[in-house]
Amino acid sequence: MSKSEPSSSRRSLQVALDERSYPIHIGPRLLGDPAWLTPYLAGQQVMVVTNETVAPHYLARLREGLPAELTVRELILPDGESTKTFASVARIWDALLEAGFNRRCTLIALGGGVIGDMVGFAAACYQRGVGFIQVPTTLLSQVDSSVGGKTGVNHPRGKNMIGAFWQPRAVLVDTDTLLTLPERELSAGLAEVIKYGLIRDAEFLAWLEDEMSALRALEPQALAWAIERSCQLKADIVAEDETEQGVRALLNLGHTFGHAIEAHQGYGNWLHGEAVGVGMLMAVELSQRLGWLSRADVERTAAIIAAAGLPLTAPADMEVDDFLDRMRLDKKNVDARLRLVLLEALGRAVIHDETPQPLLEELLATFPRR
Ligand SMILES: O=C(O)C(=O)C[C@@H](O)[C@H](O)[C@H](O)COP(=O)(O)O
């Protein structure tokens, strides 16, 4: 374990965005403790939005942390990436209007990235913007999607194509919620954790290589440090570039390829983290073919992705053009130029818009399929 690992079990970080700054509280037993939730409620009206998988485990516990005098409504949506649609967000607006909620209401997103992104988008638009709190219950949402204010929904043509930047009032990461997380979801979250090491922190990457078994065994100290370090790296990047004009795009390592896989395969068939894991390997392989990384770097990346329990091969039914058609719609592109996040070294990412087309096509044609 690193010397800088925390010893106490609860930690708080800050996303520094002037008047939109907010804390990320991380630790066990946060849910149900009023001290962690009430400071971020705007008025007397609270809408908790969750899904059918999370509700039986954590909805009652969350409600215990809400003062009895509040007007609290609940909305339980179906689970899964395929529900991340405009129609689901409209259900949230309908519920808010039916309850007669006003601009001083607060939305609470209790769930994974799908719930967090949809609730954030609903909050961004309801009566032109109301407050919301992220209570992420999956590893992926705890280390990534709950932080930074990217909210929105998918479009059949592309992932997260409709949305808004809208920051939460607070992020409450109760690490106990990981105890009920299916193994496949845990692996998906580890993809985003590995991403931080690859883009910005070679030392963290080496630590992850050593501690991967402990993380997969839900060893509390290892998990707490992985979450804290990931959130810190993300908070620093978001504070520097809230709306992705520059450095924030580095957080998209593996996502250009990964989003193409998710959309092509049908949302939910590949988990986001699984597609990002393969996408990161594709980006690393391309970086090697550009002469920036060694074969040993590629093998090291493949080894840690495999150790996290993630796939290493792209879907067998995806042709080169299936990738390219989706990648042309990527939000990072400027005019007709494809912008990719690649690695100059393990731990150092760059944004690159000069990949020769034949090299990219060769990568897409030769990358292993299964
Ligand atoms: O926060 C960001 O910025 C990211 O890119 C983090 C990603 O891991 C996350 O999946 C994000 O939602 C992707 O955003 P998109 O803009 O590529 O749709």
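Angles over 145 degrees between N-to-C directions count as roughly antiparallel. All views show a predicted model.

**View 1. Helices H10 and H11 pack against each other.** H10 spans residues 272–289 and H11 residues 295–307. Their axes lie 9 Å apart, at an angle of about 175°. The two helices are therefore roughly antiparallel. H10 contributes Gly 277, Met 280, Leu 281, Val 284, Glu 285 and Gln 288. These meet Arg 295, Asp 297, Val 298, Thr 301, Ala 302 and Ile 305 in H11. By class, the contact has 6 nonpolar, 3 polar and 3 charged residues.

**View 2. Strands E7 and E8 form a hairpin.** E7 (residues 150–155) and E8 (residues 158–165) run antiparallel and are joined by 5 bridges. Between the strands are 2 residues. Val 153 stands opposite Ile 162 in E8.

**View 3. Lys 234 forms a salt bridge with Asp 144.** The closest N and O atoms are 2.7 Å apart. Lys 234 lies in helix H8 and Asp 144 in helix H5, so the pair ties together parts 90 residues apart in sequence. Lys 234 is buried, at 5% relative accessible area. Asp 144 is also buried, at 8%.

**View 4. Arg 229 forms a salt bridge with Asp 201.** Here the closest N and O atoms are 2.8 Å apart. Arg 229 lies in H8 and Asp 201 in the loop between H6 and H7, so the pair ties together parts 28 residues apart in sequence. Arg 229 is partly exposed, at 24% relative accessible area. Asp 201 is buried, at 10%.

**View 5. Salt bridges link Glu 81, Lys 84, Asp 117, Lys 159 and Glu 262 in a network.** The count for the model comes to 25 salt bridges.

How values were computed: Residues are numbered from 1 along each chain as its sequence is written. This is a predicted model: local features need pLDDT of at least 70, side-chain atom pairs count only at pLDDT 80 or more; totals for chains, interfaces and linings use all residues. Side-chain values use heavy atoms; hydrogens and water are left out. Axes are lines fitted to C-alpha atoms, for helices over the stretch in contact, and angles run from 0 to 180 degrees between N-to-C directions. Helices (H or I, at least four residues) and strands (E, at least two) are DSSP runs, numbered from the N terminus. Angles under 35 degrees count as roughly parallel, over 145 as roughly antiparallel, 65 to 115 as roughly perpendicular and the rest as oblique. Contact means heavy atoms within 4.5 Å. Ala, Val, Leu, Ile, Met, Phe, Trp, Tyr, Cys and Pro count as nonpolar, Asp, Glu, Lys and Arg as charged, and the others, Gly among them, as polar. Two strands pair if DSSP finds at least two bridges between them. A salt bridge is a side-chain nitrogen of Lys or Arg within 4 Å of a carboxyl oxygen of Asp or Glu. Buried means under 20% relative accessible area, exposed over 50%, partly exposed in between (1.4 Å probe, protein chains only).
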